[in-house]
Amino acid sequence: MNPSSIPQLSASLPGILRRNAAPAPGIVHLGLGNFHRAHQAVYTDAAVTAAGGDWGIIGVSSRSSAVPDAMHTQDMLYTVVEISPEGSRFSVPRVHSDAFTAANNPDRVLQVIGDAATRIVSLTVTENGYHYTPATGSLNLQDPAIRHDLENAGTPRTPIGQIVRGLQHRASTHAQPVTILSCDNLADNGHHTERLIREFASQLSPAEATETLAFIDTCTSFPSSMVDRIVPATTEHYRNLVSDKAGYTDRIPVPAEPFTMWIVEDNFIAGRPAWEAGGAVFSNDVAGYEQLKVRLLNGTHSLIAYLGALSGAVTIPDSVAHTHIELAARSVLRNEYLPSVSVPAGVDIDAYEEQLFSRWRNTALGHRTSQVGSDGSVKLRQRVPLPALQMLETGQMPHLLALTTAAYLTCIAPLNGFDPGPQAAAMEDPARALLSTLAAQSHSGPDLAERVLAEHHLLGEELAGQTGFIKRTGELIDTLHTHGPIAAIADAGTPSHPYAATRSTP
Ligand code: CS2
């Protein structure tokens, strides 16, 4: 077909939409990225199809207007492209009633969060979007963006600032209740978000703080939720796939794996969509599922990403195809993450592990090591310290958690003269500048590990005092620099690995 004759995605294309219009808005979602559009939006679409309700989503993008602009030219539509080695499946959710960019319309953010019709404010802003201090878990009051939001009531830039300013608006007008729903990979994400919101509110003038905190006490709820779906970045490949196979052009398709999971605490003060219609599970054991996911999936994912990047692997499937990386991943998952998790009733760990490896091997998806490896300074804080501390307390050295940290630092903050390769160079990280400075001042791996973990508390205060772990991380940084990932995996003592016999012990 001549490309110019392919129609653009719109509501008038026959046969692709399940309803005539998006529902009236009831949800404001902060973070209009791919993950939201392939996860909560899909569940909401199923919920509204099954049970109706005014649960349309107003999507708010933080700074970029690319997605809102494209959505407006496509009748608020986009395609979810489910990718598996067997082929691709296309679907078009119709749940977004509007979309805009916060940076261009800061007062509109406050207006929509403050609107009485809004009953849920949900967030997928990544670990980095919460502006907390990894060392303490508290709101980072030194962060210029948080300072800006405390000083400028009408133009908040951070999600926490936007929510608190929106809640102030609600408190002073109609005082209708609203649920704040974090959908990010943070342990105990409901409580974590509530804590940061309360910390921000406490910094307001005494009268404002009292009123806002009283509103938070009585008119908000903060359910925790565990979200799971591997959603890579959109590339030209997916745009071409949609125009070739679905027969229309879409500027913003979202690739996603077929697997999807959502475990939610049923604590919605102002009602919620029937997300169970899309397969969401309402459970009182969200914490168990979160631990399972953040540690076994996300934690192991980080190791795969960093070792992969250092081995030249562009994608996660390329990385786990290296036998030594697969063995290291299995070992960290089983021997170092799993012992720290209270496995929820009914979860079969053998099946869960196999399912993870088959998801990671999805070569068709092209999930990049540089994407998973980005923002490690905030991600590892969620993944590594608690399981590591638990092992250290019982006298065991978590060699592979030390290797995860060492591989991260080797990618982001290599010692002088070492080139970790293009995948590592493509990783973004809010701590990159600081860590590079520390690396430039360091003369060895142990020196770098000491500066980063003991002096700067990158993985929290408790781990900062664990000299054995810090030393082990430093030794592994040196091994990675001088002998590469295979030797470092052997050095970390991956069981059943042919190099394991040569490992050093603490
Ligand atoms: C990944 C996650 O980027 C990362 O750190 O571990 O984005 C992961 O793909 C999702 O959490 C899967 O649900």
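Author: Helix H10 (286–310) contributes the most to the shell around the ligand, with three residues. Helices here are DSSP runs of H or I of at least four residues, strands are runs of E of at least two, and both are numbered from the N terminus. Helix H15 (376–383), like H10, supplies at least two residues of the shell. The model is a predicted one, in which local features need pLDDT of at least 70 and side-chain atom pairs count only at pLDDT 80 or more, while totals for chains, interfaces and linings use all residues. Residues are numbered from 1 along each chain as its sequence is written, and side-chain values use heavy atoms, with hydrogens and water left out.

The residues that surround the ligand are Asn185, Asp228, Arg229, Ile230, Lys293, Asn298, His301, His367, Val372, Lys379 and Arg383; a residue belongs here if one of its heavy atoms lies within 4 Å of the ligand. By class, five of these residues are charged, four polar and two nonpolar. In this scheme Asp, Glu, Lys and Arg are charged; Ala, Val, Leu, Ile, Met, Phe, Trp, Tyr, Cys and Pro are nonpolar; and the others, Gly among them, are polar.

Several side chains present polar atoms to oxygen atoms of the ligand. For aspartate 228 the distance from a polar side-chain atom to a ligand oxygen is 2.6 Å. The side chain of histidine 301 has an N or O atom 2.7 Å from an oxygen atom of the ligand, and for arginine 383 the corresponding distance is 2.9 Å. Of the 340 Å² that the ligand exposes when taken alone, the protein buries 89%, as computed by the Shrake-Rupley method with a 1.4 Å probe.

The shell draws on both parts of the chain: domain 1 (25–282) and domain 2 (286–503) each provide at least three residues. These bounds come from an automatic or database domain assignment. Taken over C-alpha atoms, the domain centres are 29 Å apart. Between the domains, 34 residues of domain 1 are in contact with 29 residues of domain 2, where contact means heavy atoms within 4.5 Å. The two domains bury about 2600 Å² between them, 58% of it on carbon and sulfur atoms; this is the accessible area (1.4 Å probe) lost on putting the parts together, summed over both.

Arginine 229, one of the shell residues, also has a partner in the protein. Its side chain makes a polar contact (3.2 Å) with the side chain of glutamate 82, that is, a pair of N or O atoms within 3.5 Å, one able to donate a hydrogen and the other to accept it. Glutamate 82 is placed in strand E3 (residues 80–84).
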